[in-house]
Amino acid sequence: MPTYDLIVIGAGPGGYVCAIRAAQLGLKVACVEGRETLGGTCLNVGCIPSKALLHASHMLHETHENFAKMGLMDAHVNVDWTRMQAYKAETVSTNTKGIEFLFKKNKIDWIKGWAEIEGPGKVKVGDTTYETKNIVIASGSEPSSLKGVTVDNAGGIVVDSTGALALPGIPKSMVVIGAGVIGLELGSVYARLGAEVTVVEFLDVITPGMDGEVQKQFQRILAKQGLKFVMGAAVSGVTVENGTAKVAYTLRKDNSEHVIEAATVLVATGRRPYVAGLGLDKAGVALTDRGFVQVDNHWQTSVPGIYAIGDAVPGPMLAHKAEDEGMAVAEVIAGKHGHVNYNVIPGVIYTTPEVASVGLTEEAAKETNRKIKVSKFPFMGNARAKALFQAEGFVKMIADAETDRVLGCHIIGPNAGEMIHEVCVAMEFGASAQDIALTCHAHPTCSEAVREAALALGDGAIHV
Ligand SMILES: Cc1cc2nc3c(=O)[nH]c(=O)nc-3n(C[C@H](O)[C@H](O)[C@H](O)COP(=O)(O)OP(=O)(O)OC[C@H]3O[C@@H](n4cnc5c(N)ncnc54)[C@H](O)[C@@H]3O)c2cc1C
């Protein structure tokens with residue numbers, strides 16, 4: 001039985017990246033994964049399959065909404081759901097196999113099965129106990145449950161995100177409970193595919209935590225695309241009768257009770273850390289009051305030699321946050337200085353248009369009690385966005401009024417998820433808005449709108 005330097009539990013973006021970096025740094029590494037395939041939630045039932053369906057349904061939307069405007073006439077596109085599911089599955093499997101290849105290349109042992117920590121340096125999988133100098137818990141998360149709602153993914157009527165990615169067919173109507181990122185992405189998919197989609201949200205705003213102006217404009221755009229919103233509504237239960245779901249909710253403003261029917265209900269009320277079966281109690285690994293694995297700023301748990309990263313620990317539940325922590329903790333274990341800058345973690349919603357943000361929102365920046373300046377450049381002033389029929393959004397930039405240092409940026413517009421990275425790099429370098437404004441941006445690109453927003457924080461944008 002080999003003794004490892006590191007056993008990683010979970011092969012999601014946190015775990016597999018950690019394993020690869022640790023192997024690159026010369027450690028003898030194994031990674032335990034309970035699923036049949038590598039890649040975790042992200043590759044199997046999260047980021048990748050959802051983006052495949054978003055891409056396919058966006059293409060359909062283009063043929064319906066924009067082809068004729070461009071002189072591309074009579075595009076009659078029929079949806080073959082089985083084929084679309086196959087495309088999604090192929091996209092997933094090329095990616096999960098890619099991780100398998102990287103494990104082999106980096107000589108990482110893939111231990112198949114569910115891991116239990118028996119104590120520091122001891123990981124049990126099946127009947128075998130493996131010895132290791134260090135353990136990284138990267139066990140990820142699972143969908144949160146909602147009181148009064150029983151999810152049955154196999155039934156295809158009341159589903160969570162995993163079920164919604166593999167519905168037996170395109171439903172005529174869908175209620176999405178929760179206006180967060182996952183609910184809005186998957187709601188958009190089915191709205192574009194022809195379902196009547198109603199989003200029921202407890203709060204009065206969508207995508208909690210995002211910049212207020214972005215929230216409002218985003219909701220307006222989604223409503224124009226056909227999504228209906230019931231805001232300030234507390235769902236009390238979901239029942240299924242004769243193959244139809246009934247969602248009961250109470251409007252918080254007047255306590256009135258309502259019921260809405262749908263062929264499918266997607267419960268998208270968030271995710272919670274997944275630590276079941278790991279034996280954390282026995283191993284003495286402490287959890288936070290919200291059930292996350294408690295870590296210090298080097299990702300070490302309450303037990304020396306046992307670390308934790310990704311969705312299982314506090315912080316934004318994002319694949320790239322997990323990856324960054326995976327790399328950083330591998331470096332810490334290898335005796336280097338792993339670091340994650342939590343102030344510069346972008347967040348992206350892959351709807352059309354995309355929504356992307358990094359750093360402080362205007363609301364959060366004001367709370368810091370410093371003087372700030374805020375600019376907003378509309379994509380109506382950007383030639384490329386107009387050609388793409390996606391000029392309804394804007395780039396909003398927030399900088400320190402005294403130093404001009406960029407504090408945050410919020411984009412709602414075409415390719416926002418790609419564009420945000422120039423601001424991430426700028427923020428990592430402590431750049432001023434003027435640094436971005438003085439940087440030549442190629443024309444015609446949507447990125448010019450980022451420069452214009454930076455110009456607007458100085459002597460003024462050009463195209464407004
Ligand atoms: C529908 C959907 C869409 C998403 N889209 C995006 C997106 O576009 N961008 C983004 O950044 N994030 C997205 N996310 C979130 C993203 O998937 C997660 O933040 C990310 O996967 C977290 O990575 P992780 O490595 O911490 O955990 P996970 O990816 O959850 O991986 C954990 C792995 O550990 C395994 N495991 C758990 N316990 C054990 C055990 N005891 N033994 C062995 N194996 C174990 C699990 O089987 C799992 O494979 C999305 C999520 C969903 C559900």
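A residue counts as near a molecule if one of its heavy atoms lies within 4 Å of that molecule. By that rule, 39 residues surround the ligand, and the closest are Glu33, Thr41, Lys51, Ala115 and Ala319. The model is predicted, so local features need pLDDT of at least 70 and side-chain atom pairs count only at pLDDT 80 or more, while totals for chains, interfaces and linings use all residues. Residues are numbered from 1 along each chain as its sequence is written, and side-chain values use heavy atoms, with hydrogens and water left out.

**The ligand and its shell**

- The protein covers 96% of the 990 Å² of accessible area that the ligand has on its own. Accessible areas come from the Shrake-Rupley method with a 1.4 Å probe.
- Threonine 41 places a polar side-chain atom 2.5 Å from a ligand oxygen.
- Glycine 14 uses a polar backbone atom, at 2.8 Å.
- Cysteine 42 has a backbone N or O atom at 3.3 Å.
- Helices (DSSP runs of H or I, at least four residues) and strands (runs of E, at least two) are numbered from the N terminus. Those giving two or more residues to the shell are α1 (13–24), β2 (29–33), α2 (40–45), α3 and α9 (319–333).
- The largest share, 4 residues, comes from α2.
- The shell has 18 nonpolar, 16 polar and 5 charged residues. Here Ala, Val, Leu, Ile, Met, Phe, Trp, Tyr, Cys and Pro are nonpolar, Asp, Glu, Lys and Arg are charged, and the others, Gly among them, are polar.

**The nonpolar cores**

- In soluble globular proteins, nonpolar side chains tend to be buried together.
- A nonpolar core is a set of buried Ala, Val, Leu, Ile, Met, Phe, Trp, Tyr and Cys residues joined through side-chain atoms within 4.5 Å. Buried means under 20% relative accessible area, exposed over 50%, and partly exposed in between (1.4 Å probe, protein chains only).
- The largest core has 37 residues, and among those touching the most other members are Leu184, Ile206 and Phe218.
- Elements supplying at least two residues of this core include α3 (47–65), α4 (81–105) and α6 (181–192).
- The largest share of this core, 5 residues, comes from α6.
- A second, separate core of 33 residues includes Val136, Val329, Ile333 and Val340.
- Isoleucine 206 has contacts (heavy atoms within 4.5 Å) with residues including Leu184, Phe218, Leu222 and Phe229, not counting residues up to four places away in sequence.

- Most residues other than glycine have a negative phi, and most peptide bonds are trans.
- A cis peptide bond joins threonine 352 and proline 353, with omega about -5°. Proline 353 sits in the loop between β18 (347–349) and β19 (354–359).
- Another cis bond links histidine 443 and proline 444, with omega about -5°. Proline 444 is in the loop between α13 (433–437) and α14 (448–456).
- Lysine 107 has a positive phi near 55°, and is exposed at 67% relative accessible area.
- Aspartate 404 has a positive phi of about 70°, but counts as buried at 14%. Aspartate 404 lies in the loop between β21 (394–400) and β22 (406–413).

**Helix α14**

- Its buried residues are Glu448, Ala449, Val450, Glu452, Ala453 and Ala454.
- Their cover includes β20 (372–378), β21, β22, α12 (416–428) and α13.

Conventions. A polar contact is a pair of N or O atoms within 3.5 Å; within protein, one must be able to donate a hydrogen and the other to accept it, and residues adjacent in sequence count only if both atoms are side-chain atoms.
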